[in-house]
Amino acid sequence: MDIKIIKSNRKTLSLCVDDELCAVVKAPYFVSDKEINAFVSKNEAWLNNAVKRKKKQLNKYDISEDKKNELIKLAKEYLPKRVEYFSKIMNVKPTGVKITSAKKRFGSCSGKNSICFSYYLMLYPKEAVDYVVVHELAHIKHHNHSKEFYNFVSEFMPDFKQRERLLKSN
């Protein structure tokens, strides 16, 4: 397996797998190649599982042009209505709603309270989709993932943890 080494002004070693299925080691400047190789060897089992998970994740979004267009249409019909519904009951107002082709995140909320959703979100159950809508709208009030943020989410969606698991299990 190819290994990319990125040295920077950091204190710890980390290991991940990129979209090209390469192992990426982030290391402090002072760590030797020998120490990096030992770190990779020690985490070989984790790395093999991470490669399998990444392959599965990348294949999940390998869809036909027709399916892509269907998801975009569905997202444009469904998501703005759900944003409108939940924003009223949560008493928050986004400055805009956009549909994107993001593959690494289902939704985002900008500092200016504009919300984006990936059309790939429409591959998931409606319960999971609604959780993402509530999650992003909650960022209008709390621009972080603090305890207060999750308390706010749970006011409107007490079962949010089960819904979040739907996103991770599919």
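In this predicted model, Ser 108 stands opposite Cys 116 in β6.

**Around strand β6**

β5, residues 107–109, pairs with β6 in the antiparallel sense, and three bridges hold the count. β5 and β6 form a hairpin with four residues between the strands. In this hairpin, Asn 113 takes a positive phi near 70 degrees.

β6 has another partner. Strand β4 covers residues 96–100 and runs parallel to β6, joined to it by five bridges. Here Thr 100 stands opposite Ser 118 in β6. The table sets out the two pairings.

| Strand paired with β6 | Sense | Bridges | Opposite residues |
|---|---|---|---|
| β4 (residues 96–100) | parallel | five | Thr 100 and Ser 118 |
| β5 (residues 107–109) | antiparallel | three | Ser 108 and Cys 116 |

How much of β6 is covered? Four of its five residues are buried, so by that cut-off of under 20% relative accessible area the strand is mostly covered.

**The cores**

In soluble globular proteins, nonpolar side chains tend to be buried together. The largest nonpolar core in this model has 32 residues. Leu 79, Met 90, Phe 117 and Leu 137 have the most contacts inside it. The largest share comes from α4, with nine residues.

Take Leu 137 as an example. Which residues does Leu 137 contact, leaving aside neighbours within four places in sequence? They are Val 83, Phe 86, Ser 87, Met 90, Val 92, Pro 94 and Ile 115.

Another core lies apart from the largest one. This other core has 12 residues, among them Val 17, Val 31, Phe 39 and Ala 50.

**A histidine in α4**

His 135 lies in helix α4. Is His 135 buried or exposed? Its relative accessibility is 10%, and buried means under 20%, so His 135 counts as buried.

His 135 has several partners. Not counting residues up to four places away in sequence, His 135 touches His 145, Phe 149, Tyr 150 and Val 153. There is also a polar contact of 3.2 Å between the side chains of His 135 and His 139.

Sequence distance and spatial distance can be set side by side here. His 135 and Glu 164 are 29 residues apart in sequence. In space, their C-alpha atoms are 9.8 Å apart.

How values were computed:
Residues numbered from 1 in each chain as written. Predicted model: local features only at pLDDT ≥ 70, side-chain atom pairs only at ≥ 80, totals over all residues. Heavy atoms only, no water. Core = buried A, V, L, I, M, F, W, Y, C linked by side-chain atoms within 4.5 Å. Buried < 20%, exposed > 50% of the residue type's maximum accessible area, 1.4 Å probe, protein only. Helix = DSSP H or I, 4+ residues; strand = E, 2+ residues; numbered from the N terminus. Contact = heavy atoms within 4.5 Å. Pairing = 2+ DSSP bridges. Polar contact = N/O pair within 3.5 Å; in protein donor to acceptor, adjacent residues only side chain to side chain.
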